[in-house]
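Student: Before we start, could you show me the model, so that I can learn how to read its interfaces?

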Amino acid sequence: MLINILEKENLVEFFEAMQSYGEVVAPVRATDNAHRFQPVKGIDELDLDYTRTMIPPKKYFIQPKETLFTFNKEKEKYLEPPSIDKSMVLLGVHACDINAMNLLARVFMEELPDKYYLERRKNSVIVGVSCTPDEKCFCKSTGTDYAQEGFELFLHDIGDKYLVRVGSLKGHNIVKDHSELFAAPEKGDLDAFKEAEKTRLSSFTIEIEMSGLQDHLDMSYDDPLWAEYAEKCLGCGSCNLVCPRCRCYDVQDYINLDMNTGERVRMWYSCMLKDHGLVAGGHNFRPTSMERLRNRINCKGSLREEMPNCVGCGRCTVFCPADIDFVEILQKVRGDIK
Amino acid sequence: MSNKSTLKPVKARITDIRKMTEIENLVTIKFQNPEYAENFNYTPGQFVKLGVMGVGEAPISLCTAQSDNSELEFCIRNAGRVTNAIHSQKVGDVIWVRGPYGNGFPMDEFYGKDLLLVAGGLGIAPIRGVLQYATQNREKYGEIIVLYGIRSYDLMLFKDDVLHYFREGDAEGVKLYLSYEDQEDLVLNGLVSERDDRITNGLVTKLFAIMDEPADNTVAILGGPPIMYKFTVMELEKMGFTPEQVYMTLERRMKCGVGQCGQCIVGTGKSIKYVCKDGPVFTLWDAMNTKGMI
Amino acid sequence: MTKPRLGIFSLTGCAGDQLQILNMEDELLNLVARFHIVDFQEGSSHKESGPIDIAFVEGSVSTETDLRHLKEIRERSSVLIAFGNCATDGCVQAMRNGETTLAQRLKDVYGVEPDYYDALESKPIREYVKVDFSIPGCPVEKDEVVKAITSLLHGDSPLGYSYPVCVECKLHEYPCVIVEDNKPCLGPVVRAGCEARCPGLGLDCIGCRGPVEDGSNFAAELQMLLDKGYTEEFIMNRLRIFSGELPEDFLGGAK
């Protein structure tokens, strides 16, 4: 692992350097509860000391709504949007979101690659930043509080400096091209890093025991708790749409008034919406809110290639209008609380 | 398959449309690009996404096992927006295809075994693919028993195939049994007088009482609605079938076909599966370990 | 090819949905050119009798005259579309349904006997005739109207919105006015399709597109807003402004 030190006083220069790799997208304060990833022009616009954005940075790789292609029925042709050559620097991503994107990358980049996802990731630079958990964060429980891969650089706040981990060759080249901004770490920096990690890890206030959780969920299939939460659940889909790990989408065609041209559009979707299990002919495999809620929690609690399907970011709890607490549900599933 | 990786369909043209029932047509399509046809390798039980631009795509079972893939047949029920659009198309019209997707039935693993095929409703479509494959590779399989449950003669799918095997299947080692629900059905009542040992009034499960005892090495292959699986499985278990000897194909909402869109999810935290990618063919053992599967 | 015969009709309402059609300035000529228009009160005094392929009906049934008119339209039409919130859900004129009798309301408001007008209790049109599709909204969204019409011309059924406003808020990344500001937003139980216009401006949804069919947990919405300190009277009034005629068991809880 390559490590460098970036003095905070060099942050402005670092930001300017990053601008040469593409449009910088970073967390900006949007409301009392939430930040938003958006393009920034200057370092004074962004806020690296943030807790969470409402919508995770996955929006830059699989967009909320995007045209897959436009078609022309008479010509019997369709045309995909032009390749994306715009590059982007995603600055200030937390470990949970990086880990979530690593899981998404497996779905969209490895087995059966999604062209759009691949192009966007290829054209992006991801710079992580360390954070301090709040009372809704539980990424330590899900093992996603530390990013091992999926970034170019990762900035760890160690006081008046950042310890910078290099996560890819692209990241290494960035450091090399701007060597004047970086220094080699000294013993004191490494000690400061270890202290910072200790402080971070001791700041978590909630946790879920993950051991055997999958079996606990299976055993709780017929538990009355699902119906209890379904009574409270508005079925609005917000929990899925703010989840960095959720990736369900829907596809719709739209034809223009000329009856000839139109487009096929992909849109984020949610398993909490009633059509999620609906098939042609009208049969619904999850017709009730109870079944949909149970499915969502089971999906989140499942492991995909040894990684949990939830990265503990707390968004679904924070942004649930009905105040349904995800961690509380899993604690009930485990029998930790009644 | 070059186009499997994205949501990009390839062009095919409808070459034949045959009315099977009031709501089901047998639609034959031909790929426009011969190269695509050559590379279109599939096994029975897999499916494709068939699309009409401006309306959308629907997952449709492959119901054939031809060696020549330049033309493919699909049994299409007019059940939703997309299938309605396909039904209103004419010979010569374009249809867009993606796939094949899913695992399909492991036909290689069934070599040397007897096959017990159980079908109900539209579930006959993938089962017909299995039957076609097995009869085309006849020496590789033992006895083939087909149980097909229908409501009435006018709802029977693949009538030519079904009546052929019903009447003359024995010569090819295929015993086809029929069950039907409509007691007043004149055609089916007529078939009873032809061969009363192969047809009975009632649900498909009633056929287990009149069929010949299957051999120990038989695999059961089911295609039909979930309710049929429930009762068929009970019969199979009574006959001593193990959970690994029973295969079934599932229907779910599928938008992508490649395990991305998440809509076909089934199971619990212990057993999440995507029907389009992990299935649509599962064993009874899978179903026993995956809550909500059947 | 003969053009489909289109009729656009009004029952009791403000005629704002017809106005939305006239407001579609960019698409209007293309749209009109696709149809043979047999009736469009707000656009032309020209009227024809005879069969109709597609009928748009706005307004609620509030008088005997409305009812006769509606039944006549239904008989003439192959496809009948409830157009706008009055037609789909009853809207404001139905918001007191069930609270007092119509006779009582006629007496309280107009000081007349029940038979003075040919009034009926205002109802969405589905209460009287078969409705093939609904395009909700007060007023309807132009984009949804164009999409519905193109779908119909394409031989397809129009896509409705089976999900609530919250979905569109999230897709647009609009801050949640419930979570952030404790506002009495009806977004979680109200049909999307408006691109979350109001929450996008920081305003709480007042439900102008009516409830999500079979998908709304009104009981949970009510409880959520009670917990935030809003009174039941306030919440119920708000729920009923545009959704006058709510299903009988609408507080039945999760579905």
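Predicted model: local features only at pLDDT ≥ 70, side-chain atom pairs only at ≥ 80, totals over all residues.

Student: How many residues of chain A and chain B are in contact?

Tutor: Contact means heavy atoms within 4.5 Å, and by that rule 47 residues of chain A meet 42 residues of chain B.

Student: How many salt bridges are counted between chain A and chain B?

Tutor: A salt bridge requires a side-chain nitrogen of Lys or Arg within 4 Å of a carboxyl oxygen of Asp or Glu; the count between chain A and chain B is eight, including the one that Arg264(A) forms with Glu57(B), where the closest N and O atoms are 3.3 Å apart.

Student: Which domains does chain A have?

Tutor: Domain bounds come from an automatic or database domain assignment, which for chain A gives domain 1 (2–57 + 84–201) and domain 2 (213–246 + 271–334). Their C-alpha centres lie 29 Å apart, and 23 residues of domain 1 of chain A are in contact with 22 residues of domain 2 of chain A.

Student: How many salt bridges does the rule find across the interface of domain 1 and domain 2 of chain A?

Tutor: The rule finds one salt bridge there. Elsewhere in the listing, Asp97(A) pairs with Arg315(A) in a salt bridge whose closest N and O atoms are 2.8 Å apart.

Methods:
Residues numbered from 1 in each chain as written. Chains lettered and ligands numbered in written order. Heavy atoms only, no water.
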